[in-house]
2 protein chains.
Amino acid sequence: MKLNILGCYSATPRTFTNPTSQVLEINNHLFLIDCGEGTQVQLRKHKIKFNRIKHIFISHLHGDHFFGLVGLISTFRLLTRETDLHIYAPKGLKEVITLQMKLADSWTNYKLIFHELTNTESELIFEDDRVEVYTIPLDHRVYTNGFLFKEKEGERKLDMNAVLNAKIDVAYYRKLKLGYDVENNEGDIIKNDTVTDPAIPPKSYAFCSDTAYNESIVPIIKGVDVLYHESTFLEKHKALAPKTKHSTAKEAAKIAKLSNAGKLLLGHYSTRYGDLNKFKLEASECFDNVELADDGKVFDL
Amino acid sequence: MKLNILGCYSATPRTFTNPTSQVLEINNHLFLIDCGEGTQVQLRKHKIKFNRIKHIFISHLHGDHFFGLVGLISTFRLLTRETDLHIYAPKGLKEVITLQMKLADSWTNYKLIFHELTNTESELIFEDDRVEVYTIPLDHRVYTNGFLFKEKEGERKLDMNAVLNAKIDVAYYRKLKLGYDVENNEGDIIKNDTVTDPAIPPKSYAFCSDTAYNESIVPIIKGVDVLYHESTFLEKHKALAPKTKHSTAKEAAKIAKLSNAGKLLLGHYSTRYGDLNKFKLEASECFDNVELADDGKVFDL
């Protein structure tokens, strides 16, 4: 699981800071999460293959989280994309995108599939044989979801020496990987864990931006390996957090602690601050494993 | 008159090239012309004061000419702008912008005034005491206008030595600047041109992007000082120009010649080409005074 931070600052794009966008590589998927203005240029800088992005998740319809999307959709067309593109976003985005296409007398030569979100409870919005994605209802000024990406339990690994010694027919290998006991060529029952090793433990990643301090997300993200939580403000501006429905670094850390997260990534910094280290310092008072997201950083999780 | 090229490439924004946007400084106005994705960052790089932009002209509703506008409008709000903002653009843009604001439950704390264009004949769309702006109907795949910016005839300059010698009352100075003959303190009629110098000749600038080769614009831009004309293609791809309703460098030069323009600025290059000098070479076969626009260039006209 690898996380490319394309942008992690709040509000306006500036010369050296970008609004929210990140790419999560998980089990061979490239999930684009949020798409502020300039995201397509950031994707180029990160050398991320446009064509590998098949699923885009948009948290909410504030501009710093989606103004780059219509341009990316247009660019995909210019690059003669043929692969389907799925967009998971609050209701309304489809209207914005299609209106702009209509006015440009334009189209996509690939299938553009909108999955419009309206549910205020957490729901499963994507699933294949290896990954699940759930919404995380957040508390912001407009309808907003975070996203929880969960790897499914993987297959057990064959211990080939043990398998061969146990004289198991090759036709049973698949069953072994799925965890079943099998019969060998001599009619003996072979216990699965004597010839296989456990699967690599599945990883999970929770993206939570933008939100006021909101403990109701804790049960949804409980035990998550990595939590990206917005921290727009430092303590000295903590009065602004509830007013604007954002969080402080310390509040992000409290959520990480309550959720028993493995690691906390901070982001969505207000551009009023020069020194990001203060975010880490303030969060570290509540929670041990804190890292700072920053544009261009790649986290190997 | 000064022209800041923020972006002059066609299609998608890339790491080192930007879609169309430019700022024309003319008689103390800062006119923003087109607003592709990333324009607000380009404005910052050019150190152009956001608050001085009061009029934005959008040629047409293809994304590379306006996808940066909604973000700029939002940023103006975040910067607590109070100055009115006038937007001159094809009908439809207002719907796109207001829909996005509605979805974001957002607003502007300054007056946002849309002047929606539908006329297929050239028309005067802006005028004050020093500048006029006319549309230039272009021939593109969607409804498109270029814009002609014309300084008005300025005031004559007083030759103060001559004025004092002629014993003209200070109350007549204004009338002198406007070109009238006046009576002096002794009752003599003083001929205007004996005590004033001619005004600085008014300048004009025509912005023509995007368009197929289209001689019908020649009467509108006749005698223009500087013509920015799109040149998406080189000769080797000239077959693509009419199909996509774009022009070649040579066609841009033909229009410049027919219009008796003072200077031709080329731009809106297809990103398929590495070497811009070929555009200049091909245009120079038809027209003498050719320059290449490029992102970051500033032309003192």
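This is a predicted model: local features need pLDDT of at least 70, side-chain atom pairs count only at pLDDT 80 or more; totals for chains, interfaces and linings use all residues.

Trainee: What makes strand 1 and strand 2 of chain A a pair, then?

Mentor: Count the bridges against that cut-off of at least two. Strand 1 (residues 2-7) and strand 2 (residues 21-26) of chain A are joined by five bridges and run antiparallel, so by the rule of at least two bridges they pair.

Trainee: Which sheet of chain A has mixed pairing?

Mentor: The open sheet of seven strands, in the order 6-5-4-3-2-1-18. Strand 6 (112-117) and strand 18 (298-300) of chain A are its edge strands, since each pairs on one side only. Ignoring direction, neighbouring strands of this sheet are turned by 20° against each other on average.

Trainee: And why are strand 6 and strand 18 of chain B said to stand at the edges?

Mentor: Chain B has an open sheet of seven strands in the order 6-5-4-3-2-1-18, with mixed pairing. Strand 6 and strand 18 (298-300) of chain B each have a single partner strand, so one side of each lacks a neighbour in the sheet.

Trainee: In what sense do strand 3 and strand 4 of chain B pair?

Mentor: Parallel: strand 3 (residues 29-33) and strand 4 (residues 53-57) of chain B share four bridges. In strand 4, Phe57(B) is the bridge partner of Ile33(B).

Trainee: Leu30(B) is in strand 3 of chain B. Is Leu30(B) buried, exposed or partly exposed, and how do you know?

Mentor: Count the other C-beta atoms within 10 Å: 20 or more makes a residue buried, 12 or fewer makes it exposed. Leu30(B) has 19, so it is partly exposed. Leaving out neighbours within four places in sequence, its contacts are Val23(B), Glu25(B), Ile48(B), Arg52(B) and Ile53(B). The C-alpha atoms of Leu30(B) and His55(B) are separated by 7.4 Å, with the two residues 25 apart along the chain.

Trainee: Why is helix 10 of chain A called largely enclosed?

Mentor: Helix 10 (residues 249-259) of chain A has eight buried residues out of 11, so the rest of the structure largely encloses it. Among the buried ones are Lys250(A) and Glu251(A), along with Ala249(A) and Ile255(A). The cover includes helix 8 (218-221), helix 9 (240-244) and helix 11 (277-284) of chain A, as well as strand 15 (226-230), strand 16 (263-267) and strand 17 (290-292). After helix 10 comes Asn260(A), with a positive phi near 60°.

Trainee: What makes helix 3 of chain B "mostly covered"?

Mentor: Eight of the 10 residues of helix 3 (residues 69-78) of chain B are buried. Those include Leu69(B), Leu72(B), Ile73(B) and Phe76(B). Just after helix 3 of chain B, Thr80(B) has a positive phi of about 55°.

Trainee: How many residues of each chain are in contact across that interface?

Mentor: There are 31 from chain A and 31 from chain B. Helix 1 (39-45), helix 3 (69-78) and helix 4 (93-103) of chain A each supply at least two residues of the side that touches chain B. That side of chain A divides into 12 nonpolar, 12 polar and seven charged residues.

Trainee: How do you know that the copies are related as by a two-fold axis?

Mentor: Chain A superposes on chain B by a rotation of 180° with 0.0 Å of shift along the axis, at an RMSD of 0.1 Å. The two copies are thus related as by a two-fold rotation axis. Among the residues of chain A, Gly38(A) comes closest to that axis, its C-alpha at 3.0 Å.

Trainee: And why do we say the copies meet through the same surface?

Mentor: Because 100% of the interface residues of chain A are interface residues in chain B too.

Methods:
Residues are numbered from 1 along each chain as its sequence is written. Chains are lettered from A and ligands numbered from 1 in the order in which they are written. Two residues are in contact if their C-beta atoms, placed from the backbone, lie within 7 Å. Ala, Val, Leu, Ile, Met, Phe, Trp, Tyr, Cys and Pro count as nonpolar, Asp, Glu, Lys and Arg as charged, and the others, Gly among them, as polar. Copies are superposed by least squares on the C-alpha atoms of residues with pLDDT of at least 70 in both. Axes are lines fitted to C-alpha atoms, for helices over the stretch in contact, and angles run from 0 to 180 degrees between N-to-C directions.
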